[in-house]
Amino acid sequence: MEKKRIVSGMRPTGKLHLGHIHGALNNWRSLQRDYQCFYFIADWHALTSEYEHPEIIKETIKDILIDWVAVGLSPEESVIFVQSSIKEHAELHLILSMFTPLPWLERNPTYKEQLKEMAQRDLYTYGFLGYPVLQAADILMYKANGVPVGEDQSAHVELTREIARRFNHFYSNIFPLPETLLAPEAKILGTDRRKMSNSYNNAIFISDPQEVVSKTVAGMITDPQRARRSDPGRPDFCNVFTFHELYTDKEKVKEIDEACRRATIGCVECKQIMASNLNKALEPLREKRKELEGNPQLIEDIIHEGNKKARKIAQETMEEVREVVKI
Ligand code: TRP
Ligand code: SF4
């Protein structure tokens with residue numbers, strides 16, 4: 001039987017960090033076994049907020065692709081591509097925008113939140129309001145059955161279903177209604193215990209060298225109640241411990257848990273152990289990154305091949321769309 005299709009994208013607004021690994025990429029990697037996956041760099045989406053300084057978009061696209069391949073997204077198994085290389089997305093976005101009711105966009109909770117969160121940017125634009133319509137075009141173009149995203153994006157997938165339903169009703173039933181495949185929640189936080197994010201300066205990047213990782217870990221905030229070495233700690237309230245749960249073997253995690261509660265281990269030592277395990281886990285990714293960085297042609301080829309595969313499907317979909325829309 002044919003594998004079901006999934007589509008997901010990431011905006012190229014900076015380097016990828018551990019939050020991306022645990023919030024999306026590990027999930028994307030394992031989905032490759034059971035689904036035909038389309039993973040793309042959403043550079044037009046990035047432009048909705050970065051339009052004043054678009055350099056960051058170009059600068060990060062290749063870096064992100066390198067990270068993707070380094071963590072195990074496979075250009076053979078999945079279709080890996082760049083949104084703006086497939087102009088059909090823009091055309092479908094335009095057509096969908098003709099019948100998407102404005103109130104659907106205005107009451108979108110993600111929209112309202114982002115306007116508040118990114119108050120330093122002027123996001124009262126036509127393009128930003130239409131962000132989810134473009135996202136619907138991305139998803140419907142490949143007739144996706146599922147969209148693996150975090151909770152913050154589920155409203156957009158819901159909207160995509162509504163848009164697909166409306167299209168199917170007006171013209172012809174050509175789009176499946178995609179399901180949200182909710183990613184397992186990423187428990188890790190940034191070094192300051194806020195959400196890990198490029199803009200908070202609290203991230204550990206996939207591309208960070210060993211010394212940088214060790215130094216960043218040394219600066220992590222621990223259980224705030226453990227002010228002195230002799231104070232017992234609470235691993236459940238400590239972000240360093242969350243990292244241990246991901247990167248340290250089970251036996252040792254148990255040992256650290258007890259030692260922390262009895263104050264027989266200090267945070268400095270605890271962090272050193274964690275940093276060393278984290279570094280061990282990142283080492284193969286660094287090696288893969290180095291290999292890819294040393295071979296720019298390989299990345300070019302990956303993008304080229306991925307774009308070609310995506311474009312072929314996009315062209316087929318658009319032929320169908322134009323026919324039923326009679327344009
Ligand atoms: N809006 C998504 C985000 O910020 C990125 C995205 C764009 C996307 N198009 C998509 C995700 C299509 C899934 C499917 O994370
Ligand atoms: Fe956190 Fe480790 Fe310090 Fe306990 S000992 S508070 S787990 S860093």
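Eleven residues of domain 1 are in contact (heavy atoms within 4.5 Å) with eleven residues of domain 2. In this predicted model, local features need pLDDT of at least 70 and side-chain atom pairs count only at pLDDT 80 or more, while totals for chains, interfaces and linings use all residues. Side-chain values use heavy atoms, leaving out hydrogens and water, and residues are numbered from 1 along each chain as its sequence is written. Domain 1 covers 4–188 + 296–325 and domain 2 covers 208–290, with bounds that come from an automatic or database domain assignment. Their C-alpha centres lie 35 Å apart.

The size of an interface is often given as the accessible area lost when the parts come together. Here, domain 1 and domain 2 bury about 960 Å² between them, and carbon and sulfur atoms give 68% of that; this is the accessible area (1.4 Å probe) that the two parts lose on being put together, summed over both. On the side of domain 1, Leu18, Ala70 and Ile188 lose the most area to domain 2, together 45% of what that side buries.

Three salt bridges cross the interface of domain 1 and domain 2, each a side-chain nitrogen of Lys or Arg within 4 Å of a carboxyl oxygen of Asp or Glu. Lys187 and Glu245 form a salt bridge, with their closest N and O atoms 3.8 Å apart.

Which elements give two or more residues to the side of domain 1 that touches domain 2? They are helix H1 (18–34) and helix H3 (55–71), where helices are DSSP runs (H or I, at least four residues) numbered from the N terminus. H3 provides the largest share of that side, six residues.

## The nonpolar cores

The largest nonpolar core has 54 residues, and Leu18, Leu25, Trp68, Phe243 and Leu278 touch the most other members. Such a core is a set of buried Ala, Val, Leu, Ile, Met, Phe, Trp, Tyr and Cys residues joined through side-chain atoms within 4.5 Å; buried means under 20% relative accessible area, exposed over 50%, partly exposed in between (1.4 Å probe, protein chains only). Because domain 1 and domain 2 both give residues to this core, it lies between them. Another core, of 44 residues, lies apart from it and includes Phe81, Leu92, Ala137 and Leu140.

## A look at Arg166

Arg166 sits in helix H9 (residues 154–170) and is partly exposed, with a relative accessible area of 28%. Leaving aside neighbours within four places in sequence, Arg166 is in contact with Phe99, Pro101 and Trp104.

Notes. Chains are lettered from A and ligands numbered from 1 in the order in which they are written.
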